[in-house]
Amino acid sequence: MKRVFSLLIFVIAFTFGTFAQQVTFTAQAPRQMMVGQRFYLQYTINSQEWKGFVSPEIKDFSVLSGPDAMNGFSTFDNNGQVTQTRYTQFSFVLQATKPGTFTIPAASLTVKGNKVQSNTVTISVTGNEQEEQPQKNSDDNANVYIRTSVSNSNPVLGEQIVITYKLYTPTSAIKWDYDFMPDYQNFWAHDLLKGAKQLPQKVEVVNGRKYIVAEIRKTALFPQKTGKITIKSNDIDVQYRIAVKTRNRPANDPFFNSTFANDPFFKSFFEDAFSSFEYQEIKKTLQTNPIEINVRPLPTQGKPVEFNGGIGNFTIKSDYDRNILRAGEALTLKYTISGSGNLNLLEKPVADFPSDFEVYDPKITDNYSSSTSGVSGSRTFEYLIVPRVEGEYTIEPARFAFYSPGEGKYKLIETSGVTVRVFKGNAEISGGGNAKEDIKYTGKDIRYIQNKSLNLYAVGVHFYASWLFYVILLLPFLLFALFIIIWQKKLRDNQNIGLMRNRRATRIATRRLKNAKVLLDQQKQEAFYEEISQAIWGYISDKFNIPLSELSIETAENSLNRKAVDPQITSRFIEALHNCEYARFAPGDKATLMSAIYQETLQVIVKTEEQIGGK
């Protein structure tokens, strides 16, 4: 009995060794399909020393792609003796177009001067999707699903949170709809995976099953209104394939029908050794779970007067190019706010400048980046300052207040002060009097008495003492009085910050729309939507004197209604706000969509301004 068993083991080892040395060229494809279904046709040769691959003539199926060649190797362990076989695989993607039974001819190639042909493949195609499919030993672990999670479901107004969509799959051969766009209404949204060359992924074990987990979408959200907000569920189409095991056991072989071959110890070994795999395409529609977020209002206790809507964790520093200069020359002073949070909504810090300085509106430069944890970076406010009078001046520290969600309180930070030394310029600029060097010598200090005869006229006959003479005489006093009245009104208007913001709202919005038109022509999508968004939201904030921290669709609509704006125009305005947020993520022709958004935003601001004017 021992000799028989040893002989049998030798025969098996010899059989596998001989098989490994032989050149095999096999074709594989599903045996049964449905009309419209896609599938793989694969040819595998256990050698990489081949040439002249000749594809079969495929007439009864639509060829979507191929042949695609891929080299690989397989390892076989026989009682500690490890052998490695290199192979090449040619893959086609085909689609069944009509019902029937079809045979795909053999492919051929040359190995070491010898022509080798594959087997033919016969496929049965059914036209009725409801027909019962053949029973297959499919992989029950091919369960694909998606989960949605949020970093914080109870944030304060304006606080950054991160929402993540994770795809769980037991196979890496999967495709999904990249263009699915969740509804982020009432949030500022920033895509954290935009431009990523590879999606973050890892392996997780869930309920005893191993999954490849890919983060297919990750977005930083900044809530713009308080209360409960629901991010609705989304449908995502996925397509993947699973391996289906088929047995190639010879039906009449006495060895395979013997009691020895059916022994439980050897059964799984022989089934794996003499089995092949087919691939089955699976299409599925997944649905994300809805997320409910409760947005809390910012606390009123302890709020500094300098607070203007910053939410997160920030630091501030100042920088200048020089602090010794002449009157009339310019210096550059920068305030840089760094950290993580709603950087794109930050306003300039509170800064006080000497009255003898001419200070221009700051240039804003953003330098922030996205990571899996959120948005971080810096926003820089660059001031151009021109001192007009010589002297030594101190620019007081700039102050910036923000709310720290992690600490649950407001924080006030400030820069260091700057001392500036201004020397006299090359030309006198101030209007406070003349220096003695500027008094010019006329060349004559005595005016002689005229000795010519005088021409005298009656009163009222000549220009002197006429009504025009007195009008011109009084005109400077009238103009001066008018100047005083206008100046006083200007001072009162400047003290009314809300009125000033109202008057400049249209001007600022127009300037931003011009910038957006340039970006539209250059097809700079991200910058275009940033400029359009700031134009329309900035117009609302300035026109109705609404702080950015309180700005939302609801406050905008209420403000338009209070101004008795035509309901149709109000509806268009609110729709423009929604479209502006959704457009950047919408599928389709981006250029046409950008142009439509630009035209709609321009028209709705013009119509709104016609309705409310300076009210």
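A salt bridge is a side-chain nitrogen of Lys or Arg within 4 Å of a carboxyl oxygen of Asp or Glu. The legends below describe close-up views of a predicted model.

**View 1. Lysine 218 and glutamate 215 are joined by a salt bridge.** The closest N and O atoms of lysine 218 and glutamate 215 are 3.5 Å apart, so the pair falls within the 4 Å limit. Lysine 218 has a relative accessibility of 9% and counts as buried. Glutamate 215 is also buried, with a relative accessible area of 13%. Over the whole structure, eleven salt bridges are found.

**View 2. Salt bridges link Glu306, Asp352 and Arg399 in a network.** Arginine 399 forms a salt bridge with glutamate 306, and their closest N and O atoms are 3.3 Å apart. Because arginine 399 belongs to strand S28 and glutamate 306 to the loop between strand S20 (291–295) and strand S21 (307–320), this pair ties together parts that are 93 residues apart in sequence. Arginine 399 also meets aspartate 352 in a salt bridge, at 3.7 Å from N to O. Here too distant parts of the chain are linked: aspartate 352 is in the loop between strand S23 (331–341) and strand S24 (357–359), 47 residues from arginine 399 in strand S28. Glutamate 306 is buried, with a relative accessible area of 14%, whereas aspartate 352 is partly exposed, with a value of 41%.

**View 3. Alanine 401 is placed in strand S28 (residues 399–404).** The relative accessibility of alanine 401 is 0%, so this residue counts as buried. Apart from neighbours within four places in sequence, alanine 401 is in contact with Pro304, Glu306, Phe307, Asn308, Lys411 and Leu412. Alanine 401 and isoleucine 311 are separated by 90 residues in sequence, while their C-alpha atoms are 9.3 Å apart.

**View 4. Strand S1 (residues 25–28) has one covered and one uncovered face.** Phe25 and Ala27 make up the covered face, and Thr26 and Gln28 the uncovered one. In a regular strand the side chains alternate between the two faces of the sheet. S1 is paired in the antiparallel sense with strand S3 (residues 38–45) over four bridges, and isoleucine 45 in S3 is the bridge partner of phenylalanine 25. Alanine 27 is buried, with a relative accessible area of 9%. Among the residues that alanine 27 touches, leaving out those up to four places away in sequence, are Gln42, Tyr43 and Val121. Between alanine 27 and valine 121 there are 94 residues of separation in sequence and 6.8 Å in space, C-alpha to C-alpha.

**View 5. Three strands form an open sheet in the order S4-S8-S9, with antiparallel pairing.** Strand S4 (50–54) and strand S9 (114–117) stand at the edges; each has a single partner strand, so one side of each is left without a neighbour in the sheet. From one strand to the next, the twist averages 25°. Strand S8 (residues 108–111) and S9 run antiparallel and are joined by four bridges. Valine 111 stands opposite asparagine 114 in S9.

View 6. Leucine 474 is found in helix H3 (residues 467–495). The accessible surface of the protein comes to about 36,800 Å², and carbon and sulfur atoms account for 51% of this surface.

Methods: Residues numbered from 1 in each chain as written. Predicted model: local features only at pLDDT ≥ 70, side-chain atom pairs only at ≥ 80, totals over all residues. Heavy atoms only, no water. Buried < 20%, exposed > 50% of the residue type's maximum accessible area, 1.4 Å probe, protein only. Helix = DSSP H or I, 4+ residues; strand = E, 2+ residues; numbered from the N terminus. Pairing = 2+ DSSP bridges. Contact = heavy atoms within 4.5 Å. Axes fitted to C-alpha atoms, helices over the stretch in contact; angles between N-to-C directions. Areas by Shrake-Rupley, 256 points an atom, 1.4 Å probe, with all protein chains shown as cover.
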